[in-house]
Amino acid sequence: SRRLNIYSFGGNKSSADVLLDRTVLSKHEHLFVVYMVSGLSPQEAYMKAFPTVNPGYAKQKSAQLVKTKRVMTAMREELKPVMEELSSEGHSIEFID
């Protein structure tokens, strides 16, 4: 009954696994989504939403975050009113998964 990761209280999950498995947005992730929807690049949004000033780290972590299901879902929800307005004007726009 030895843990795979002796540095973790959770035992077998790495921080990357935890990042992917969570289903609820943290407050920082919500801010990240809001900044992304407002037009910032993922790197800029990450640097504003999370406590970091390292652009390389922000680029790497924002790329991981954008790929998570919960962030994609939150972005879809934030953009829904804009998409509905565009489709009511006759534009045909669909989300790509």
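In the predicted model, alanine 16 lies in helix α1. Its relative accessible area is 41%, so alanine 16 is partly exposed. Along the chain, 48 residues separate alanine 16 from glutamine 64, and the C-alpha atoms of the two are 8.9 Å apart. Both alanine 16 and glutamine 64 belong to the lining of the largest pocket.

That pocket holds about 160 Å³ of space. Besides Ala16 and Gln64, its lining includes Ser15, Leu19, Arg22, Ser26 and Glu29, together with Tyr46, Phe50, Tyr57, Lys61 and Leu65. Two elements, α1 (15–21) and α4, each give two or more residues to this lining. The largest contribution comes from α4, which supplies four residues. By residue class, the lining of the largest pocket consists of six nonpolar, three polar and three charged residues.

One of the lining residues is glutamate 29, which is placed in helix α2, spanning residues 27–37. Glutamate 29 has a relative accessibility of 2% and therefore counts as buried, the limit for that class being under 20%. A polar contact of 2.7 Å joins the side chain of glutamate 29 to the side chain of arginine 70. When neighbours within four places in sequence are left aside, the residues in contact with glutamate 29 are Leu19, Arg22, Val24, Phe50, Leu65 and Arg70. Among these, Leu19, Arg22, Phe50 and Leu65 also line the largest pocket.

The protein as a whole has 97 residues, of which 22% count as buried. Its secondary structure comprises five helices and zero strands, and the order of elements from the N terminus is α-α-α-α-α. Of the contacts between residues at least 6 apart in sequence, 36% join residues that are at least 24 apart.

The largest nonpolar core contains 13 residues, and the members that touch the most other members are Phe32, Tyr46, Phe50, Leu65 and Val71. At least two residues of this core come from each of α2, α3 (42–49), α4 (55–66) and α5 (69–88). For tyrosine 46, the contacts beyond four places in sequence are with Phe32, Thr52, Tyr57, Ala58, Lys61, Ser62 and Leu65.

Serine 62, one of the residues in contact with tyrosine 46, is located in helix α4. With a relative accessible area of 2%, serine 62 is buried because this value falls under 20%. Residues up to four places away in sequence not being counted, serine 62 touches Phe32, Pro42, Gln43 and Tyr46.

Helix α4 also contains valine 66. Valine 66 has a relative accessibility of 27% and so counts as partly exposed. Between valine 66 and glutamate 29, which are 37 residues apart along the chain, the C-alpha separation is 9.8 Å.

Conventions:
Residues are numbered from 1 along each chain as its sequence is written. This is a predicted model: local features need pLDDT of at least 70, side-chain atom pairs count only at pLDDT 80 or more; totals for chains, interfaces and linings use all residues. Side-chain values use heavy atoms; hydrogens and water are left out. Buried means under 20% relative accessible area, exposed over 50%, partly exposed in between (1.4 Å probe, protein chains only). A polar contact is a pair of N or O atoms within 3.5 Å; within protein, one must be able to donate a hydrogen and the other to accept it, and residues adjacent in sequence count only if both atoms are side-chain atoms. Contact means heavy atoms within 4.5 Å. A nonpolar core is a set of buried Ala, Val, Leu, Ile, Met, Phe, Trp, Tyr and Cys residues joined through side-chain atoms within 4.5 Å. On a 1 Å grid over the protein atoms alone, a cavity is a set of points where a 1.4 Å probe fits but cannot get out, and a pocket is an open set with protein on both sides within 12 Å along at least five of seven lines; lining residues have an atom within 4 Å of a point. Grid points are joined across faces, edges and corners, and a volume is the space filled by probe spheres set on the points. Ala, Val, Leu, Ile, Met, Phe, Trp, Tyr, Cys and Pro count as nonpolar, Asp, Glu, Lys and Arg as charged, and the others, Gly among them, as polar.
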